[in-house]
Amino acid sequence: MARIVLVMHQPLGSAFSACAEHVLGKKPELTVFDVAPDADPESQVTRLAGRLLEAPNEATLVLCDIFGATPFNIAKRAIKLATDRGLTAHLITGTNLCMVLKALTDQQDNPEQLSKSVQQGALRGIVNADHEC
C-alpha cells in the first residue's frame, strides 16, 4: 500500500489526521509533517527527505495544502532529494478532508492510480448544497 504523507501549514496536517481518526474510528496510518510559521525551509527539506527515506521501498503520496506555498516548496524539494535515492512519490496540492479520507480508505500500491483516485474524490466532495437540498 502507498504511504500517505501530509505536508501542510501547522496545525492543518495534525487537524486532518485528528478528523480522519474521528471519522474512521481509528488512528490513521499516515505521516504528518506540519510546517511551523517560523521554520527554516532548508532544514525542513532535509528533515522531510529523511522522513520520506525511512521507507524507501514504499511508494508515497504526499498531500499539501496550497500550491506554491512554503510547505509545497519544502515537499517538492524533499521529494526530489528522495526520488534521486530511489523513492517513488507523487505530490498533490489543494488537499481537503475528502482527499485525506479517500487516500486512507482507497489504499493502493500504485501511487499514480491512488493520486488520480484522490483527485476524483476531491471533486466529488465539492457540492453546491443549495442545489442538493
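**Exercise 1. Decide whether Thr-31 counts as buried or exposed at 16% relative accessibility.**

Solution. Start with the cut-offs: buried means under 20% relative accessible area, exposed over 50%, and partly exposed in between, with a 1.4 Å probe and protein chains only. At 16%, Thr-31 therefore counts as buried. Before going on, please note that this is a predicted model, in which local features need pLDDT of at least 70, side-chain atom pairs count only at pLDDT 80 or more, and totals for chains, interfaces and linings use all residues. Residues are numbered from 1 along each chain as its sequence is written, and side-chain values use heavy atoms, with hydrogens and water left out.

Helices (H or I, at least four residues) and strands (E, at least two) are DSSP runs, numbered from the N terminus. Leaving aside neighbours within four places in sequence, Thr-31 is in contact (heavy atoms within 4.5 Å) with Arg-3, Ile-4, Val-5, Leu-6 and Arg-51.

Finally, widen the view: four of the five residues of strand 2 (residues 31-35) are buried, so the strand is largely enclosed by the rest of the structure.

**Exercise 2. Work out what order the four strands have in the open sheet.**

Solution. Two strands pair if DSSP finds at least two bridges between them. Strand 1 (residues 3-9) and strand 2 run parallel and are joined by five bridges; Leu-6, for instance, has Val-32 as its bridge partner in strand 2. Strand 3 (residues 60-64) and strand 4 also run parallel, with four bridges between them, and Thr-60 stands opposite Ala-89 in strand 4.

The order of the open sheet is 2-1-3-4, with parallel pairing. Strand 2 and strand 4 (89-92) are the edge strands, each pairing on one side only.

**Exercise 3. Describe how helix 2 and helix 3 cross, and at roughly what angle.**

Solution. Two packed helices are described by the angle between their axes and the distance between the axes. Axes are lines fitted to C-alpha atoms, for helices over the stretch in contact, and angles run from 0 to 180 degrees between N-to-C directions.

The axes of helix 2 (residues 41-52) and helix 3 (residues 70-83) come within 8 Å and cross at roughly 50°. That makes helix 2 oblique to helix 3, given that angles under 35 degrees count as roughly parallel, over 145 as roughly antiparallel, 65 to 115 as roughly perpendicular and the rest as oblique.
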